[in-house]
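Trainee: I would like to learn how to read a helix and its surroundings in a model. Please take me through one.

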Amino acid sequence: MTTSFDSLWNSILDVGQHTDTRGYRRFAWGDADLTLREWFRGEASRRSMDVDEDRNGNLWAWWLPAGWVGEPTGAFVTGSHLDSVPDGGAFDGPLGVVSAFAAVDILRERGIEPTVPVAVTAFSDEEGARFGVACVGSQLTTGALSAERALGLRDADGITLAEAMAKAGRAPEHIGADPTLVDRVGVYVELHVEQGRALDLVDKPIAVASSIWPHGRWEFTFTGEANHAGATRLVDRRDPMLAFASSVHTARAAATVHEAVATFGKVRVLPNGANAIPSEIKAWLDARAADEETLSKLVAQIEAEARSHAESDGIGLDVFAESITPIVEFPSEPREKLKRALAHLGDIPVLPTQAGHDAGILSAKVPTAMLFVRNPTGVSHSPDEDAKPEDCNIGAQALADVMADWVSA
């Protein structure tokens with residue numbers, strides 16, 4: 001067992017962690033994100049790996065075969081992301097990056113020299129915590145997100161993505177689709193902490209992904225009329241909070257019927273005064289289902305009932321689809337190759353995931369696959385997210401086995 005993973009893991013644990021909540025606040029292009037980018041460069045340098053930061057802020061650390069000439073092609077690429085949701089857990093994203101560097105160390109300990117290029121990656125702004133759209137780095141790279149739309153995204157303080165990148169010393173005018181992606185990447189394998197508890201229930205440390213549920217975010221804006229909370233008669237009120245609250249219950253009920261999930265998890269209230277009737281409620285719906293038809297029906301039902309609530313309360317409602325990601329069926333060839341490389345570990349579960357990942361975005365352009373490491377709590381996007389050290393080391397070893405099988409062929 002390697003000790004590389006453990007030392008790598010300890011080196012990032014305190015970056016962006018909030019003292020009171022224990023959760024992480026690693027938002028795109030903020031101080032913690034920039035610190036972790038330097039950490040990434042430092043770890044790559046210690047391994048004599050050259051680092052490229054592409055036009056979209058994604059980091060690539062390269063291990064090239066001896067005597068390789070020219071640009072990398074057909075590479076085995078592995079990694080994840082380093083940013084977090086607000087007060088997120090330690091493992092979501094960083095586990096994949098740390099495991100990727102550890103896998104490189106393991107191959108070198110085994111004396112394995114790659115016959116194809118290897119890259120460790122950290123994709124930019126996967127969570128979308130600051131600017132509201134997930135997987136910005138990978139979406140820009142694949143062309144799924146336009147540069148024009150991305151540059152205009154704003155955070156809660158009104159700062160655009162363009163302004164944030166410029167402040168960090170980057171060139172936002174250069175962002176956009178990467179025409180070299182398909183040639184450069186032979187396969188992308190992302191290791192990620194399990195977001196759920198399926199592996200704990202079957203007592204297995206790792207799994208291979210079969211698919212990602214279709215999912216999206218919808219912005220609901222309920223518009224009423226600000227007024228005095230004490231002096232305004234109930235019959236004279238146009239309070240958007242009522243329609244919003246009813247819609248929260250609707251989302252839960254509709255998700256139950258469709259065997260899906262739907263959550264209003266982010267809310268902004270104007271003017272947000274304890275003694276004021278709100279003028280506006282802006283709320284974001286996260287919805288996910290096993291197939292695209294079900295997801296469409298689910299969101300349509302939630303929107304229709306929200307409009308009914310708004311109309312009966314004299315409230316305006318605008319709904320905007322902020323991002324929609326179709327179902328991802330991971331291709332069978334890379335998945336089967338992973339299973340063969342890990343056959344010595346016994347039966348490897350093959351599981352779908354309800355969570356979105358950069359691997360899902362990249363799958364539209366290049367072959368992709370995913371490995372999951374057991375999360376005994378089943379909790380994610382929370383400080384209580386967990387993975388045991390022994391499972392993390394098994395995950396890093398498994399990723400190294402996959403890497404060795406791919407680059408030694």
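Mentor: Start with burial: buried means under 20% relative accessible area, exposed over 50%, partly exposed in between (1.4 Å probe, protein chains only). In helix 9, the buried residues are Pro-240, Ala-243, Phe-244, Ser-247, Thr-250, Ala-251, Ala-254 and Ala-255. Helices (H or I, at least four residues) and strands (E, at least two) are DSSP runs, numbered from the N terminus. The model is predicted: local features need pLDDT of at least 70, side-chain atom pairs count only at pLDDT 80 or more, and totals for chains, interfaces and linings use all residues. Residues are numbered from 1 along each chain as its sequence is written, and side-chain values use heavy atoms, with hydrogens and water left out.

Trainee: Within what arc do the buried residues of helix 9 fall?

Mentor: The arc is that of the directions from the helix axis to the C-beta atoms. Here the buried residues fall within 125°, so they line one face of helix 9. His-249, Arg-252 and Thr-256, on the other side, are exposed.

Trainee: What do the buried residues of helix 9 pack against?

Mentor: Contact means heavy atoms within 4.5 Å. The partners are strand 7 (215-223), strand 9 (261-270), strand 11 (280-288) and helix 10 (292-312).

Trainee: Which residue caps the N-terminal end of helix 9?

Mentor: A polar contact is a pair of N or O atoms within 3.5 Å; within protein, one must be able to donate a hydrogen and the other to accept it, and residues adjacent in sequence count only if both atoms are side-chain atoms. Asp-239 is the cap, with a side-chain oxygen 2.9 Å from the backbone nitrogen of Met-241. Just after helix 9, Glu-259 has a positive phi of about 50°.
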